[in-house]
Amino acid sequence: MSKSEKKTTASKRTRNTAPDPSNEEIGQFRQEYPLLPLRDVVIFPGMILPLFVGRPKSVAALEAGMQDDKRLVLAAQKQMDVDEPRAADIYSVGTLINILQMLKLPDGSIKVLVEGVERVKIRDLSTSDPFFVALIEPLVSREDGGSELLALSRHVRDQFETYVKLNRKVPQETLLSIMNVDEPGRLADLISSHLAVKVSDKQKLLSSGSARSRLKNLSEILRNELEILELESKIKNEVRKQMENSQREYYLQEQIKVLQRELGKDGETGEDWGKYKNRIKRAKMSREAEEKALEEMERLQGMPALSPEATVVRNYLDWLCDLPWAKSTKDRLDVKEAEGILNEDHYGLDKPKERILEFLAVGKLKKNLKGPILCFVGPPGVGKTSLGRSIARALGRKFIRISLGGVRDEAEIRGHRRTYIGSMPGRIIQSLKKCKSNNPVFLLDELDKMSMDFRGDPASALLEVLDPEQNHTFSDHYLEVEFDLSNVMFIATANVIHTIPAALKDRLEIIEVPSYTENDKVSIARDFLLPKQIANHGLARFKPNFSDKSVLQVIRDYTHEAGVRNLERELASICRKLARKAATGDLKRGVSVTPKMVNDVLGIPRYRDADQRNQNGVGCATGLAVTSVGGETMLTEVTLMDGAGQLILTGQLGEVMQESAKAAWSFARARARGLGLARDFHRRFDFHIHAPEGAIPKDGPSAGITIASALISALTGRPVKNGIAMTGEITLRGKVLPVGGIKEKVLAAHRIDIRTVILPEDNRKDVPDIPEAVLKQMKIHFVKHMDEVLELALESDSPAH
């Protein structure tokens, strides 16, 4: 192209246009120049920078610029990964540059050295040519200097000085060159060109037309960069300090080893490794565990002896070596001897004892005691925990007991992983290490008292422990190797079963441990509790004589329980009084403990159950209920008042019991004619139904026929017979439905000397569970309908109502 053609081209690319009134900082002259888009570079005015150009459009733009006046526009791309950018992909503010030098490389790309001239606004971008052509206008800064601009310049210069000190990548010569720059705009551009920040931040600085806005934006960017650099410096110092301490410790350890070798002592590198190897061999671990132990020992050999990680590995090896992988006790499978031990330790409990002896008999024939997981369910104090201890004694095994009451962390069962500081195995593995046997009798006490929270569900962790098909490969989080629990005899205890998760309950064989009758308690006190308390209080040589009447009085007047814990406490209290007399010489040998002495020692009777048998009357009936401590009698009272038919329920009745009361009321209204009541009786009276002992919550459907009997008694004036108790659910049609806890309820009636009980017909199947001695003294009526209940429970004669 000739010089005249070049001038013609240049003259075509220069056009005079009116300035844009929307931006006072844009100049009046618009020009067209080739545009070269950059991926990750922003060039500021006065900045000299080498570039490598390889894209066809960029090469064409560069060659066109060289043919003109060696000028073109550089603008940054918004997205670096776009290979073929469009007009929308390029920022609207760029830099007009001079091409100082250009060199074509063998691979077809071009190396070019450019110098920024001025920032420009791209008004239009044409893509008709083989390269971008930009219509530009210069961005002109029009502002006067002042104290604020001078202060901003000094502040930015100080920030950049700190930046250079923290960032070793910026040469010190750059700082010297900046110190000689006084013009604010030039200072901002020079500092911006040396910052290692994002393209978007640099573009923001380039787009700021005035020096004031540029300095403010630059100050904000420098402030953020300084915070990051200070944090990086802090982290580097901490890492360097830690590395220096570790190296120092390593050098000292190596010197100690050298000194020990010179003195003929190998220390941990010799004897200790041999001890660990011998312990691993003697432990007779599983193959997996032995390989893991040897692997950890090799790791330990390469660690400094005093490093925290070495301590963790040593603890882990100690746990692996101390576990009873192959240690077990020999089972005693003599069924008759086991029966004698069980009878010696416990009175009654025929069903649990029978099941245990069956288990032993099967084990004797199979030579293997693997079997189901037993769960003893019953009220407190009936001997569930001590029964587990007796089983261990009968088998000749060691006994372990862990209480699960209040446990809510899965790690209590499975342990913590070794990544945690102070981690340990779970209580299963800890207990096996403590007893040094892999086949103990393992009692999981209070299974129904577990709970769960954000730390996990221990009941779910027990699913593997209590499943005979899975527990031979039990894996503790701490050990990370399998341990065989199939030889362990697991026994669980609980007071109730409805709080045990269904999946866990499915793995258990439930054995009911019933509450004791009065005769049982007298026999237990005579044969077990009194000999123990007399010996504990040093009264054996005085041989005090407790009559059965005295013990029975303690049971009736001073205890109220299904088991014998409180009974033992009261007997211990009597023995303490006798011991005090013996210490002062006032106790005679063979002294008799009479009922009168019981009253003198224990004070005013706390319970008067015997009086409840005569509490029935008009509007009063005795029901039967089951609680966590066994069976209870429950009085229900009904009274009528002038009113408008309101039904009042008090005594902390639960929702189910309230519904039973409403069902009984509806039954009474439906049968008004048959009962001889006025048809509108429910509109003339208010009905108040109350269950005494209002501080105790009550719930369940079994009080239905009791409430109906008391309600109809109050309406008809026919009193409920004394000495009679009842239980059963009522329907709106008067049918009597079965309920649970029959055995405990009948025993509760027997305890307060009630000898007549009304039960649902469908509960006849539960009667064989009641002790025969109690059945002989009881008269049980089975009913299907409420009419039968009223005929049995209410007196035939009714006073005037």
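Start by selecting Ser 709, which sits in helix α24, residues 704-716. Helices here are DSSP runs of H or I with at least four residues, strands are runs of E with at least two, and both are numbered from the N terminus. This is a predicted model, in which local features need pLDDT of at least 70 and side-chain atom pairs count only at pLDDT 80 or more, while totals for chains, interfaces and linings use all residues. Residues are numbered from 1 along each chain as its sequence is written, and side-chain values use heavy atoms, with hydrogens and water left out.

**Around Ser 709**

Is Ser 709 buried or exposed? Ser 709 is buried, at a relative accessible area of 0%; buried means under 20%, exposed over 50%, and partly exposed in between, with a 1.4 Å probe and protein chains only. Next, show the contacts of Ser 709 beyond four places in sequence: Val 720, Met 726, Met 786, Val 789, Leu 790 and Leu 794. A contact is a pair of heavy atoms within 4.5 Å.

**On to helix α11**

Now select residues 335-345, helix α11, and colour its buried residues, Ala 338, Ile 341 and Leu 342. Look down the axis of α11: these buried residues fall within an arc of 95 degrees, so they line one face of the helix. The arc is that of the directions from the helix axis to the C-beta atoms. An α-helix has 3.6 residues a turn, so residues three or four places apart point the same way.

Then turn to the face directed away from the buried side, where you will find the exposed residues Lys 336 and Glu 344. At the start of α11, pick Asp 334: one of its side-chain oxygens comes within 3.2 Å of the backbone nitrogen of Lys 336.

**Zoom out**

With the whole chain in view, there are 27 helices and 25 strands. The radius of gyration is 47 Å, well over the 28 Å that the globule rule gives for 801 residues, so the chain is more spread out than a compact globule. That radius is taken over C-alpha atoms, and the rule is 2.2 Å times the number of residues to the power 0.38. Along the principal axes, the C-alpha atoms fill a box of roughly 140 × 100 × 60 Å.

**Last stop: confidence**

Finally, colour by pLDDT, the predictor's confidence in each residue from 0 to 100. The chain averages 82, and 91% of the residues score at least 70. Select residues 1-28, where pLDDT stays under 50. Where pLDDT is low, the predicted coordinates should not be read in detail.

Methods. Polar contact = N/O pair within 3.5 Å; in protein donor to acceptor, adjacent residues only side chain to side chain.
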